[in-house]
Amino acid sequence: MRRNELPNKIKYVKNFFNLAQEYLKASKTLNKQFPDPDLNKVNSIDELRELKYPLLNVRAFLLGHALELALKSFLLNSGISLADIRNRHKFGHDILKCYDSAREKGLNIFEANKETENSNLRFTIKELNSGYCKKALEYCIKSNYFVPLPSYFEAEVDTIFEKIEAKIKENTYE
């Protein structure tokens, strides 16, 4: 690595993560203003069909973009080049690819003995990704995708952000 590459890499890592935090904050703000319905109070399929999900695609997009940027900041911080991060064939806007690569690079969200939690989180990210990476959330493309309710996995996203932030601080000596 050349002398001037390290400061630029640190700058990109921080910029990606700071922007990810802004998208997460926007998502949380909208989630508070437009809370998801309590699915535990639904007694029938008809009741479920009648529920309203205000700004669901917008809230899911913001959360997806926050996750994409945070995971890419982790990958940059772990040695993946900016060229690879920007390569649409390697990562593109695929949150699941970013998540799986980050896990391979040492991002541990839950302890190893919590494989059910890890599996459930991966499934939720996969569901969010099904609309996010195809741009269906942004452009209302009719596609076969499912949008998980953002507020139902906000705590896990917070944990992902905490773990990534700790790794970034560890590697940038702050």
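The model you are looking at is predicted, and its chain holds 8 helices and 0 strands.

**The chain as a whole**

- The chain has 174 residues, and 39% of them count as buried.
- Among contacts with a separation of 6 or more, 72% are between residues 24 or more positions apart.

**Loops worth a look**

- Pro35 sits in the loop between helix 1 (5-33) and helix 2.
- Leu55 belongs to the loop between helix 2 (45-50) and helix 3 (56-77).
- Pro35 and Leu55 are 20 residues apart along the chain, and their C-alpha atoms are separated by 9.8 Å.
- Leu55 is not a glycine, yet its phi is positive, at about 55°. As background, most residues other than glycine have a negative phi.
- Leu55 has a relative accessible area of 39%, so it is partly exposed.
- Lys135 also has a positive phi, near 70°, and is likewise a residue other than glycine.
- To find Lys135, go to the loop between helix 6 (115-132) and helix 7 (136-139).
- Lys135 counts as partly exposed because its relative accessible area is 24%, which falls between the limits of 20% and 50%.

**Helix 3 against helix 5**

- Two packed helices are described by the angle between their axes and the distance between the axes.
- For helix 3 and helix 5 (residues 95-104), the packing angle is about 35° and the axes are 9 Å apart.
- The crossing of helix 3 and helix 5 is left-handed.
- On the helix 3 side, the contact is made by Gly64, Leu67, Glu68, Leu71, Lys72, Phe74 and Leu75. Helix 5 brings Ile95, Cys98, Tyr99, Ser101 and Ala102 to the contact.

- Phe74 is part of helix 3, and it counts as buried because its relative accessibility is 2%.
- Beyond its neighbours within four places in sequence, Phe74 is in contact with Ala102, Lys105, Gly106, Leu107, Ile164 and Lys167.
- Ser101 is part of helix 5. With a relative accessible area of 18%, Ser101 is buried, since the cut-off for buried is under 20%.
- With neighbours within four places in sequence set aside, Ser101 is in contact with Leu75 and Phe91.
- How many residues apart in sequence are Phe74 and Ser101, and how far apart in space? They are 27 residues apart in sequence, and 9.7 Å apart from C-alpha to C-alpha.

**The largest pocket**

- The largest pocket has a volume of about 360 Å³.
- This pocket is lined by 19 residues, and the closest to its centre are Thr124, Phe146, Val147, Pro148 and Leu149.
- Which helix gives the largest share of the lining of the largest pocket? That is helix 6, from which 6 residues of the lining come.
- The lining of the largest pocket divides into 14 nonpolar, 2 polar and 3 charged residues.

Notes: Residues are numbered from 1 along each chain as its sequence is written. This is a predicted model: local features need pLDDT of at least 70, side-chain atom pairs count only at pLDDT 80 or more; totals for chains, interfaces and linings use all residues. Side-chain values use heavy atoms; hydrogens and water are left out. Helices (H or I, at least four residues) and strands (E, at least two) are DSSP runs, numbered from the N terminus. Buried means under 20% relative accessible area, exposed over 50%, partly exposed in between (1.4 Å probe, protein chains only). Axes are lines fitted to C-alpha atoms, for helices over the stretch in contact, and angles run from 0 to 180 degrees between N-to-C directions. A crossing is left-handed if the near helix is turned anticlockwise from the far one by less than a right angle, and right-handed if clockwise. Contact means heavy atoms within 4.5 Å. On a 1 Å grid over the protein atoms alone, a cavity is a set of points where a 1.4 Å probe fits but cannot get out, and a pocket is an open set with protein on both sides within 12 Å along at least five of seven lines; lining residues have an atom within 4 Å of a point. Grid points are joined across faces, edges and corners, and a volume is the space filled by probe spheres set on the points. Ala, Val, Leu, Ile, Met, Phe, Trp, Tyr, Cys and Pro count as nonpolar, Asp, Glu, Lys and Arg as charged, and the others, Gly among them, as polar.
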